[in-house]
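Colleague: I have not looked at this one before. Can you put it up and take me through it?

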Amino acid sequence: MQKGKQSEAKAYISTLNKGQKAYFTTKNIYASSIDLLGVGIPLSTENYTYAVSINSSSNISDNYAIATATPSNQTLRAYTSMVQTIQVPSTMDVSQMDVICEMDSPGTALVLPQNTATNPTCPAGAQPLSQ
């Protein structure tokens with residue numbers, strides 16, 4: 001039953017990432033709230049509480065959005081993600097990269113992804129999910 005509950009978090013985090021990419025494409029900034037994304041995700045369910053936060057900067061690679069799914073009980077895994085803008089050096093084009101991270105075990109404290117110059121990465125204690 002836990003896998004079904006965790007599937008909710010994975011799907012919602014993926015939807016938040018897609019919403020952030022679309023929002024950035026039109027507004028040139030990431031959305032600072034779930035409501036601004038207009039993706040129909042509730043702030044909380046029986047199983048998880050969802051949130052987003054952003055970092056805005058004049059440095060392209062320092063612009064990112066983080067989404068979190070914090071479980072309501074210690075038997076579920078936590079999830080987090082990052083969507084980050086990247087400037088391709090050879091063309092100077094701006095692209096967006098993302099990662100969804102699953103904490104290694106249930107009850108583990110949420111650890112946020114890290115932004116790098118080339119792509120966001122999952123920290124120690126979390127594994128990237130294939131998308």
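Modeller: One term to begin with: buried means under 20% relative accessible area, exposed over 50%, and partly exposed in between (1.4 Å probe, protein chains only). By that rule K21 is partly exposed, with a relative accessible area of 25%. This is a predicted model, where local features need pLDDT of at least 70, side-chain atom pairs count only at pLDDT 80 or more, and totals for chains, interfaces and linings use all residues. Residues are numbered from 1 along each chain as its sequence is written, and side-chain values use heavy atoms, with hydrogens and water left out.

Colleague: OK. What does K21 form a salt bridge with?

Modeller: With D98, the closest N and O atoms being 2.9 Å apart. A salt bridge here is a side-chain nitrogen of Lys or Arg within 4 Å of a carboxyl oxygen of Asp or Glu. The pair links distant parts of the chain, with D98 in strand β4 and K21 in helix α1, 77 residues apart. Helices (H or I, at least four residues) and strands (E, at least two) are DSSP runs, numbered from the N terminus.

Colleague: And D98, buried or exposed or in between?

Modeller: D98 counts as partly exposed, at 22% relative accessibility.

Colleague: How many salt bridges are there in the whole structure?

Modeller: The search finds 2. Besides D98 and K21, E102 and K10 meet through their side chains at 3.9 Å, N to O. E102 is in strand β4 and K10 in helix α1, 92 residues apart. E102 is buried, with a relative accessible area of 15%, whereas K10 is partly exposed at 31%.

Colleague: Switching topic. Which residues touch the most other members in the largest nonpolar core?

Modeller: I13, L16, Y48 and A69, out of 16 residues in that core. A nonpolar core is a set of buried Ala, Val, Leu, Ile, Met, Phe, Trp, Tyr and Cys residues joined through side-chain atoms within 4.5 Å. The elements that give two or more residues to this core are α1 (2–27), α2 (34–37), β1 (48–55) and β2 (64–71). The largest share, 4 residues, comes from α1.

Colleague: What is Y48 in contact with?

Modeller: Contact means heavy atoms within 4.5 Å. Leaving aside neighbours within four places in sequence, the contacts of Y48 include K5, A9, L43, A69, L76 and Y79. Y48 is also part of one aromatic cluster, together with Y12, Y50 and Y79.

Colleague: How many aromatic pairs does the structure hold?

Modeller: It holds 4. Rings of Phe, Tyr and Trp (its six-membered ring) pair if their centres lie within 6.5 Å; planes under 30 degrees apart count as stacked, over 60 as edge-to-face and the rest as tilted.

Colleague: Last one, T85. Where is its place?

Modeller: In strand β3 (residues 79–87). T85 counts as buried because its relative accessibility is 1%.
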